[in-house]
Amino acid sequence: MTQPTESPIARIYTDGACSGNPGPGGWGAVLLWNGHRKELHGGEPETTNNRMELTAAIRALEAMKRKVRIEVHTDSRYVKDGITLWLRDWKRRGWKTADKKPVKNVDLWQHLDRLAADHEVSWHWVKGHDGHPENERADELARQGIAELAG
């Protein structure tokens with residue numbers, strides 16, 4: 001009897017960067033799926049590092065053309081902990097933190113939440129600037145996004 005085959009897992013590596021915080025920022029993402037590789041990047045003239053980290057994950061998920069299982073690898077504890085630990089309580093409290101303050105970057109968190117709901121996503125933290133090739137490449141892409149703003 002033939003065993004059912006599982007669809008390949010898409011692996012996404014994301015990073016954000018900011019020159020000044022706030023200041024010009026960039027984001028980068030490397031997407032790997034079924035032998036294919038796609039690299040994305042962009043930037044904003046006035047932003048924060050956290051917004052760029054979130055934007056990298058958002059743009060990567062937006063680029064997925066079909067529902068698949070996804071592993072998102074980020075060096076941002078803010079993104080990883082936000083989506084896996086804090087988001088449920090923020091939503092329950094009407095997008096307020098535990099001390100009743102508005103959640104920062106709520107527009108991006110809500111967008112990321114909607115996108116992640118379309119897939120089976122697992123979130124993984126990787127140590128930044130530690131020699132992981134795809135994370136290093138995502139960092140280069142984020143810095144490229146900043147450089148292109150000046151260009």
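**Charged side chains**

Reply: Start with arginine 137, which counts as partly exposed at 25% relative accessibility. Buried is under 20% relative accessible area, exposed is over 50%, and partly exposed is in between (1.4 Å probe, protein chains only). This is a predicted model: local features need pLDDT of at least 70, side-chain atom pairs count only at pLDDT 80 or more, and totals for chains, interfaces and linings use all residues. Residues are numbered from 1 along each chain as its sequence is written, and side-chain values use heavy atoms, leaving out hydrogens and water.

Me: Which side chain does arginine 137 meet in a salt bridge?

Reply: A salt bridge puts a side-chain nitrogen of Lys or Arg within 4 Å of a carboxyl oxygen of Asp or Glu. Here arginine 137 meets glutamate 140, 3.0 Å from N to O. They sit 3 residues apart in helix H4, so about one helical turn separates them. Helices are DSSP runs (H or I, at least four residues), as are strands (E, at least two), numbered from the N terminus.

Me: Which pair links distant parts of the chain?

Reply: Arginine 37 in strand E3 and glutamate 134 in helix H4 (residues 133-150) are 97 residues apart, yet their side chains form a salt bridge at 4.0 Å, N to O. Arginine 37 is partly exposed at 46%, whereas glutamate 134 is buried at 18%. A network of salt bridges links Arg37, Glu39, Glu134, Arg137 and Glu140.

Me: How many salt bridges does a search of the whole structure find?

Reply: It finds 11.
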